[in-house]
Structure formats: C-alpha cells, structure tokens
Amino acid sequence: MGKRRPNVLLITADQLRYDCIGSSGKYPVRTPNLDLLASQGAVFSGAYSHIPVCGPARQSLMNGRRAETFGALWNFNGALPVASLQPDGYSWARTLESSGYVSAFLGKWGVHPTLDATAFGYGSYTGEAEYARFVKQRYPDVKFSNGFFGEASPIPLEHSRTHWLAARAEDQLELLHNSGKPWHMALHFPEPHLPCRPSGHFATMYDPDTVPQWDGFAETFAGKPYIQKQQLLNWGIENFTWNDWAPIVARYYGIISQLDEAVGRVLQTLDRLGAADNTLVLFTADHGDMCGSHRMMDKHYILYDDVVHVPLIVRYPGVVKEGTACGGLVYNLLDLAPTLLDLLGLQPDDPDHLQGRSWAKLVSGGGLDDPDWRDAVVASYNGQQFGLYTQRMIRTKEWKYIWNPTDTDELYELTADPAELTNRIGEPELAGLVAGLRRRLYETLDADGDALVANEWMRRQLLGGSKL
C-alpha cells in the first residue's frame with residue numbers, strides 16, 4: 001500500500017492586504033504565526049486576486065473559473081439581483097470527496113444565497129450565523145455604534161469571532177483526524193473585513209500615533225476616473241485627514257494580529273495531533289482593503305494593488321522547501337484548484353474546465369523562476385452597492401493598465417510609482433505600450449470567456465484604438 005494522500009488545510013482571511021503581514025516587510029503589523037508558517041514553506045510576493053469582491057472571488061475559488069463565466073458579477077446580497085455558482089457546477093471539493101476525502105467547511109461562505117457548503121462537496125458546515133446566535137445568547141446587551149469604521153469589542157477574546165471559529169476548527173480537526181481517512185478543511189475567517197472590532201489586548205495593541213501613512217494616502221485624484229472621488233462622497237469620508245484614518249488603521253492592524261493568533265491555535269492543534277507532516281497548508285485572502293489608502297474605503301471601483309495584491313503562503317513538508325520565496329505572478333484563487341489537484345495527484349472530470357495554472361513546480365523547485373510561466377495577471381470588477389461600474393486590469397511586474405470602458409483608463413509605472421499615484425495614460429510616448437497591453441488584455445478576456453469583449457463596441461476600444 002502506498003502512502004496515504006496528504007490532508008489539506010485551506011485557511012483564508014477576508015480583506016487582508018499583502019503588505020499587512022510580517023513576511024511582506026512593509027507595514028508594522030505583527031503576525032508571528034503567519035511569519036512562522038512562511039518560514040516553514042513558500043511565500044509568494046506576486047500573488048493577485050483575479051476579482052477583488054468577496055462573493056465572486058469565493059465562487060470562483062470553488063469552481064476554478066472566472067466568475068464572469070457563470071454570472072457571479074458581484075455579491076448576491078449587495079446590489080441588483082445577480083447569478084451565483086449553482087450546485088450542479090464543478091467544485092474541486094467534490095473531486096476530493098470522490099477520492100476518499102472527508103471534509104469540513106467553517107466560516108465565511110458567500111458561494112450561494114440559500115445553499116451551504118454541503119451542497120458543494122463538503123461533509124459539514126459551520127457558518128457565521130452560528131456565531132451570531134452564540135453572541136446573541138451570551139452577550140445580548142452588546143451594541144456597536146461606529147458603523148463600518150469599527151471600534152473595540154467588549155466581547156472577551158476567547159469568545160471573539162476569530163477565536164470562537166478557531167475553537168470550532170480545532171474540534172473539527174480532531175474529528176477529521178480520528179476518521180482515519182485523508183481530510184480537507186476549509187477555514188474561511190471573516191476578518192479583517194470592516195468593521196474591525198478587535199477584542200482584549202488587540203484593541204489597544206497599536207497606537208494610532210505610530211501608525212505610518214499608507215504610501216497611497218497622498219492621492220490627489222488628478223487624471224483619475226471620476227468614480228474614485230465619488231467613492232469618498234458615498235462613504236462620507238471626503239474630508240478625512242490621516243488623524244481620522246489612523247485609529248481605523250490601528251484597529252485594522254489589531255484585528256489582523258488577533259486573526260494571526262487564531263490561525264496559530266489551529267496550526268498548533270495540527271502539530272498536537274501529529275498531522276502537520278502530512279498536511280498541505282495554504283493561507284491566503286480573497287482580496288485586500290483600501291482602509292484609507294488613496295483616501296478611500298473598502299475595495300470597490302478600483303483595482304489598485306491595495307485590493308488585488310494578496311498574501312499567499314503554502315507549507316507542504318517534504319515537497320516545499322522551507323524558506324522558499326516565489327516571485328512569479330500567480331492567481332491565489334484561480335490557480336489554487338489546478339495546483340491543489342496537481343499536488344494531490346488528482347484530476348477533475350474535465351481538465352479543460354479549470355482556467356488557472358498549477359504553480360506546484362514553482363514551490364517544489366524552491367521558488368526558481370520558470371521561463372514558461374506567465375508574465376502578467378488579469379483582474380476584473382463589475383460594480384457593487386454604489387452602482388455598476390466595469391473594469392478590467394492587466395498587470396505585469398513593471399506596468400499596470402486598467403480599462404474603464406465608461407471613463408478614462410489608467411496606466412501606472414509600478415517600478416517608479418508603486419503607490420499608483422500618477423496616471424500616465426495618454427502620454428504620447430507610451431501609446432505603443434498601451435496598445436500592446438490592451439491587445440494582451442483582450443486576448444486573455446476572450447480566451448477566458450469574458451462576455452464584456454464579445455461585441456464590436458468593446459473590441460473597438462481595446463483593439464481599434466477608439467478609447468481616450
């Protein structure tokens with residue numbers, strides 16, 4: 001008999017920026033457990049969300065294709081009615097199930113408005129509603145008054161959502177481990193999505209006076225699409241200074257450190273069970289958060305790196321070398337299904353269904369560059385609660401082009417302007433570069449079945465030069 005297939009522990013955060021974990025080396029957020037995980041495996045510096053909106057991103061993760069191909073354009077509970085992934089669609093969790101895996105799903109869902117994870121291949125489901133009932137019963141008098149800007153939580157740390165969910169995950173790990181079968185757990189933390197409400201010492205861990213300004217805070221909106229400044233008006237933050245933002249960012253830092261402690265508890269349980277050496281662990285986020293960068297809030301109507309650049313860590317003892325640093329451009333969600341199945345030696349029923357690529361060789365090869373690997377990533381946005389607004393982005397390591405079909409386009413030279421403050425679209429000497437990026441963007445969208453480019457008017461913009 002051969003060695004039993006490895007277990008799979010997938011942990012995600014909601015709205016966590018790449019530059020807000022310790023291994024990024026950028027901002028002073030303390031994440032010792034994620035830093036340890038990164039040192040034990042591979043950490044990606046070039047991982048990107050292909051659609052930085054919660055529901056579509058999670059549905060796409062489950063299905064392995066861009067959300068536009070099955071109509072999941074925005075969150076099904078946040079704007080006009082919209083399609084969502086259906087249970088008869090592909091789910092890689094079912095591939096694992098049919099291969100003998102037992103499984104559990106905990107935390108944020110967002111895949112279907114009425115059906116839970118058990119309709120998509122998971123053996124059990126523990127969702128956010130169960131925590132809400134727990135809080136209502138144990139702490140009926142707790143009220144919050146600061147809306148999406150967040151505040152300290154009076155709920156004890158042990159009963160905070162991060163730690164309550166971690167405790168449920170520990171219980172599930174025991175059950176899965178004792179089954180004697182290979183297992184898969186999906187643990188999707190709702191944090192640090194706004195509003196940030198850290199508990200206990202995490203509420204005061206960071207002094208707002210010492211929180212540095214985001215590099216993008218110097219935004220003037222000169223030459224930028226109209227919708228960006230309108231976003232400030234929609235939130236009522238158009239007059240916010242850094243003094244207004246610093247306490248909000250401090251709470252964002254605090255809830256990230258609180259999340260890190262919860263992740264650490266789950267990983268320690270894995271060690272205690274003696275399962276760590278045969279478990280593939282992945283940590284990532286669905287997208288990032290502006291949280292005051294570019295003076296903006298949340299993640300809508302923009303495709304800045306603040307929201308598309310995300311953390312991605314993978315640990316797989318015996319396959320992924322400790323301390324591996326991967327600089328290749330990868331999709332943290334779209335590439336996950338083919339990578340995971342590749343590492344497990346499994347195949348979907350229709351291999352052509354998956355639109356991502358396996359980056360298994362990148363991590364198993366010690367992070368060595370693959371000359372045949374992609375040199376650009378493409379992301380999309382379709383609108384949300386403030387109205388529908390379509391965007392498509394192509395990003396190389398040096399340049400980012402954003403196509404805004406109903407407004408001015410954006411072009412950023414990332415090496416000279418990593419904060420994306422200066423829009424260089426329209427500069428005559430860059431016309432050839434822009435034309436090339438537009439063609440590459442069109443070819444990717446067309447190949448991936450994005451209907452936005454399936455008509456002559458959109459092709460005229462991208463291929464015919466009919467775009468300001």
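**A helix pair and a sheet**

Helix H11 (residues 431-447) packs against helix H12 (residues 456-463) at an angle of about 145°, and their axes lie 8 Å apart. Helices here are DSSP runs of H or I with at least four residues, strands are runs of E with at least two, and both are numbered from the N terminus. Axes are lines fitted to C-alpha atoms, for helices over the stretch in contact, and angles run from 0 to 180 degrees between N-to-C directions. This is a predicted model, in which local features need pLDDT of at least 70 and side-chain atom pairs count only at pLDDT 80 or more, while totals for chains, interfaces and linings use all residues. Residues are numbered from 1 along each chain as its sequence is written, and side-chain values use heavy atoms, with hydrogens and water left out.

On the H11 side, the contact (heavy atoms within 4.5 Å) is made by Arg 438, Arg 439, Leu 441 and Tyr 442. H12 contributes Arg 459, Gln 461, Leu 462 and Leu 463.

The sheet is open and has 4 strands in the order E11-E12-E13-E14, with antiparallel pairing. Two strands pair if DSSP finds at least two bridges between them. Strand E11 (377-381) and strand E14 (410-413) are at the edges with a single partner strand each, so one side of each has no neighbour in the sheet. From one strand to the next, the twist averages 15°. Strand E13 (residues 399-403) and E14 run antiparallel and are joined by 4 bridges. Trp 399 stands opposite Glu 413 in E14.
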